[in-house]
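Reader: Can you put the model up? I have some questions about it.

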Amino acid sequence: MTVVRVARPADLARLRDVEVAADELFVPLGITDLPAPASATERARSWRVLVVGEPVQGFAVLELLDGAVHLEQLSVDPEHGRRGLGAALLAATVQAAAEQGADRVTLLTYADVPWNAPFYARHGWRETGELTPGLRALRRREEELGLDRHGRRVAMVRSLTTG
């Protein structure tokens, strides 16, 4: 059973190493210039950081955005990949959003990278063209960083309401 927990201060320093390792998966796709991982200090300012493993093997960074919870970053160390850690982090993200009273979880990702949009779609997210002001601002920031040169970026949403 995978245990997801809120990151402790000591966990935050490990997030960078996990993200760097996870970003190596993009190299065979020709994506070698992703933005540098956030520092532990920057991650500490996030609304919530969820982690799995001791030491940390994967993490999800959550922010509050336009009345929703926004999944800002999800990374799993490839040495621990394909064991359900990402799925467990997504389930915990949805639970945290529900506990916060949010009606949805949003994210921005690559449309055609198998462990990006297709992965999220398998877990209940769907593409959306309805961007809130906060999502529009994040998309502009991604464009400024040049992320679009590597492929189509999409906004996705997971509704937490029934019906």
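Reader: Which residues lie nearest the centre of the largest pocket?
Author: Q73, L74, S75, N116 and Y120 lie nearest its centre, out of 50 residues that line the pocket. The model is predicted, so local features need pLDDT of at least 70 and side-chain atom pairs pLDDT 80 or more, while totals for chains, interfaces and linings use all residues. Residues are numbered from 1 along each chain as its sequence is written, and side-chain values use heavy atoms, with hydrogens and water left out.

Reader: What counts as a pocket?
Author: On a 1 Å grid over the protein atoms alone, a pocket is an open set of points where a 1.4 Å probe fits, with protein on both sides within 12 Å along at least five of seven lines; a set the probe cannot get out of is a cavity, and lining residues have an atom within 4 Å of a point.

Reader: How much space lies in the largest pocket?
Author: About 1,400 Å³. That volume is the space filled by probe spheres set on the grid points, which are joined across faces, edges and corners.

Reader: Which element gives the most to its lining?
Author: Strand β4, with seven residues. At least two residues each come from α1 (9-23), α2 (40-44), β3, β4, α3 (85-100), β5, α4 (117-122) and α5. Helices (H or I, at least four residues) and strands (E, at least two) are DSSP runs, numbered from the N terminus.

Reader: Strands, then. What does β2 pair with?
Author: Strand β2 is joined to β1 (residues 4-6) by three bridges, antiparallel, and to β3 (residues 58-65) by five, also antiparallel. Two strands pair if DSSP finds at least two bridges between them. On the β3 side, V49 stands opposite V61, and V52 has G58 as its bridge partner.

Reader: Is β2 (residues 48-52) enclosed or open?
Author: Largely enclosed by the rest of the structure, because four of its five residues are buried. Buried means under 20% relative accessible area, exposed over 50%, partly exposed in between, with a 1.4 Å probe and protein chains only. Strand β3 is mostly covered, with six of its eight residues buried.

Reader: And what joins β3 to β4?
Author: Eight bridges, with the strands running antiparallel. A60 stands opposite L74 in β4.

Reader: What about the turn of the hairpin of β2 and β3?
Author: Five residues lie between the strands, and G53 in the turn has a positive phi of about 95 degrees. The loop between β2 and β3 also holds P55, which is joined to E54 by a cis peptide bond with omega about 0 degrees.

Reader: Changing topic: which residues of α5 are buried?
Author: G134, L135, R139 and E142. They line one face of the helix, because seen down the axis of α5 they fall within an arc of 140 degrees; the arc is that of the directions from the helix axis to the C-beta atoms. The face turned away from that side carries the exposed residues P133 and E144.

Reader: What covers the buried residues of α5?
Author: The cover includes β3, β4 (68-76), β5 and β7 (153-159).

Reader: What is T106 in contact with?
Author: Leaving aside neighbours within four places in sequence, T106 contacts A68, V69, H70, L71, L135, M156 and V157, where contact means heavy atoms within 4.5 Å. T106 sits in strand β5 (residues 104-110) and is buried at 4% relative accessibility.

Reader: And T93: buried or exposed?
Author: T93, in helix α3, is buried, with a relative accessible area of 0%. Beyond its neighbours within four places in sequence, its contacts are L50, A60, L62, L71 and V105. T93 and L50 are 43 residues apart in sequence and 7.8 Å apart in space, C-alpha to C-alpha.
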